Amino acid sequence: MKNVLVIYYSQSGQLETIAQNIAKPFLNSENIKVTFHEIQLEKPFPFPWSKDAFFDAFPESFLQIPTALKPVPEEILNTKFDLVLFHYQVWYLSPSIPINSFLKSDEAKKILNGTPVVTISGSRNMWIMAQEKIKTLLKEANAQLVGNVALVDRVGNLISVITIVEWMFSGVKKKYLGIFPLPGVSEKDINESPKFGEVILSAFNENNLDHLQPKLVQIDAVKISPYLVTVDKTANKIFNKWSNLIFKNQKNRKKLLKVFNVYLFLAIWLISPIVYILHLISYPFKLKTIKRQTQYYQGV
């Protein structure tokens with residue numbers, strides 16, 4: 001009997017559904033025991049979010065400062081797992097605080113030590129640099145990253161800003177104003193996500209996880225947008241300055257967060273369209289770099 005652990009954190013329920021779907025092929029296998037673990041915080045974040053709480057989570061999210069979690073059950077800690085399916089979200093271009101807190105815990109280091117891990121993310125669209133941070137944390141836990149699946153909201157960048165924000169602040173997944181598309185990962189992608197589980201299971205049964213990622217890429221597990229890679233990298237540099245400024249000035253935290261709020265609004269609606277135009281102009285001159293980046297970020 002082989003042991004597979006499915007780890008996730010979910011506020012809206014979207015990532016929990018994805019986790020259950022990807023695990024379906026494993027649940028149908030007689031020689032595999034599947035265990036689910038939902039990461040839980042001692043002090044949960046609100047959902048739906050209030051505007052103040054949403055922005056207040058920014059510095060600690062980006063700087064990857066952990067918070068207290070509820071203990072992992074002893075049964076999980078005392079089991080040696082043969083594979084971990086690790087599901088996470090992106091908050092402010094970094095792994096979410098619950099995910100970051102888990103990966104930095106002694107419990108995670110015990111569970112993941114020497115264990116093959118497949119990461120599965122559900123995000124708006126920018127996950128590249130968050131995944132790089134996940135890689136670092138997994139390496140520190142002596143885990144073996146063997147695969148990655150990145151599920152994203154496939155609508156345009158600015159449209160997804162509107163729909164995701166409405167969802168986060170209302171708590172209701174609906175078509176905003178009756179005309180915008182549904183927020184988050186599409187129902188089609190969620191419903192079809194068991195296909196990733198099937199490919200992972202096949203490689204797992206064949207003891208061939210080292211060659212898993214190219215097979216996942218073949219079924220569209222990871223799509224790379226060169227424009228969003230550029231935005232992600234640039235925004236990380238800017239967020240680093242903002243987050244440190246706010247975190248180191250706790251007396252003026254609320255005021256600085258309000259200024260950051262205004263900056264973020266301007267960056268999304270004024271600066272990002274300009275960056276996109278510049279990207280289109282420079283695209284033909286960066287083909288080799290883009291090809292190299294795409295190959296790297298589609299891998300593990």
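The model is predicted, so local features need pLDDT of at least 70, side-chain atom pairs count only at pLDDT 80 or more, and totals for chains, interfaces and linings use all residues. Residues are numbered from 1 along each chain as its sequence is written, and side-chain values use heavy atoms, leaving out hydrogens and water.

Let's start with helix 8, residues 157-170. Helices here are DSSP runs (H or I, at least four residues), numbered from the N terminus. Among its buried residues are Val161, Ile164 and Trp167; buried means under 20% relative accessible area, exposed over 50%, and partly exposed in between (1.4 Å probe, protein chains only). The cover over the buried residues of helix 8 includes helix 1, helix 12 and helix 13.

Now for the salt bridges: a side-chain nitrogen of Lys or Arg within 4 Å of a carboxyl oxygen of Asp or Glu. The count comes to 7. In one of them, Glu60 pairs with Arg253, with the closest N and O atoms 2.8 Å apart. Glu60 sits in helix 3 and Arg253 in helix 13, so this pair ties together parts 193 residues apart in sequence. Glu60 is buried at 17% relative accessible area, and Arg253 is buried too, at 11%.

Over in helix 9, Glu192 bridges to Lys188 at 3.0 Å, and the two are 4 residues apart, about one helical turn. Glu192 is partly exposed at 34%, while Lys188 is exposed at 53%.

Methods:
The expected span of a helix is 1.5 Å times one less than its number of residues. Contact means heavy atoms within 4.5 Å.
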